[in-house]
Amino acid sequence: MLQHMDREMNDRFRTLAWDSGAECWRMQGTMNRRPWSSIVMDPRTERVLVDSLSDFFAEDTQRWYKSHGIPYRRGYLFYGPPGTRKTSCITAVATRFGCNVYR
């Protein structure tokens, strides 16, 4: 899940994990930001992902969620074998859109 982060952490973003015993999110650590230009991705897939996230973070979308009483959050599932750059992509998304990562 992605959520806008505090702007005070310029070079890093937070990663949080669900603590089922305490039923809350706990800070797991921080990760270095990663420039979007460092990601190699099929251009069509990149456009779909960027358009989807840009639309989600738009003020109109936030107002729509609020007016309909829907929690404002979005999750993405990245899958594939180890070494296929899933974490790199998530890191670049969090950097580009100013988000924390929830696992």
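1. The β2–β3 hairpin. Strands β2 (12–19) and β3 (24–32) form a hairpin with four residues between them. Strands are DSSP runs of E of at least two residues, and helices are runs of H or I of at least four, numbered from the N terminus. The two strands run antiparallel and are joined by eight bridges; two strands count as paired if DSSP finds at least two bridges between them. The model is a predicted one, in which local features need pLDDT of at least 70 and side-chain atom pairs count only at pLDDT 80 or more, while totals for chains, interfaces and linings use all residues. Residues are numbered from 1 along each chain as its sequence is written, and side-chain values use heavy atoms, with hydrogens and water left out.

2. The turn residue. Glu-23, in the loop between β2 and β3, has a positive phi near 55° although it is a residue other than glycine. Glu-23 counts as exposed because its relative accessibility is 61%; exposed means over 50% relative accessible area, buried under 20%, and partly exposed in between (1.4 Å probe, protein chains only).

3. Strand β4. β2 also pairs with β4, in the parallel sense and over two bridges. Leu-16 stands opposite Tyr-102 in β4, and its bridge partner in β3 is Met-27. In a regular strand the side chains alternate between the two faces of the sheet. Both faces of β4 are covered: Cys-99 and Val-101 are buried on one side, Asn-100 and Tyr-102 on the other.

4. Helix α3. This helix comprises 12 residues, 86–97, and should span 16 Å at 1.5 Å a residue; the end C-alpha atoms are 17 Å apart, which agrees. The expected span is 1.5 Å times one less than the number of residues. The buried residues of α3 include Ser-88, Cys-89, Thr-91 and Val-93. Phe-97, also in α3, counts as buried because its relative accessibility is 12%. Between Phe-97 and Thr-87, 10 residues apart in sequence, the C-alpha distance is 15 Å. Gly-98 follows α3 and has a positive phi, near 65°.

5. The nonpolar core. Which members of the largest nonpolar core touch the most other members? Of its 16 residues, these are Trp-36, Leu-49, Leu-53, Phe-57, Val-93 and Phe-97. Two or more residues come from each of α1 (43–57), α3 and β4 (99–102). Such a core is a set of buried Ala, Val, Leu, Ile, Met, Phe, Trp, Tyr and Cys residues joined through side-chain atoms within 4.5 Å.

6. The largest pocket. Its volume is about 400 Å³, and 20 residues line it, with Met-41, Thr-45, Phe-78, Arg-85 and Cys-89 nearest its centre. The elements giving two or more residues to the lining are α1 and α3; α1 gives the most, four residues. The lining divides into 11 nonpolar, six polar and three charged residues. On a 1 Å grid over the protein atoms alone, a pocket is an open set of points where a 1.4 Å probe fits, with protein on both sides within 12 Å along at least five of seven lines; lining residues have an atom within 4 Å of a point.

7. Arg-85. This residue, one of those nearest the pocket centre, lies in the loop between α2 (59–67) and α3. Its phi is positive, about 75°, although Arg-85 is not a glycine. Arg-85 is exposed, with a relative accessible area of 53%.

Technical notes
Grid points are joined across faces, edges and corners, and a volume is the space filled by probe spheres set on the points. Ala, Val, Leu, Ile, Met, Phe, Trp, Tyr, Cys and Pro count as nonpolar, Asp, Glu, Lys and Arg as charged, and the others, Gly among them, as polar.
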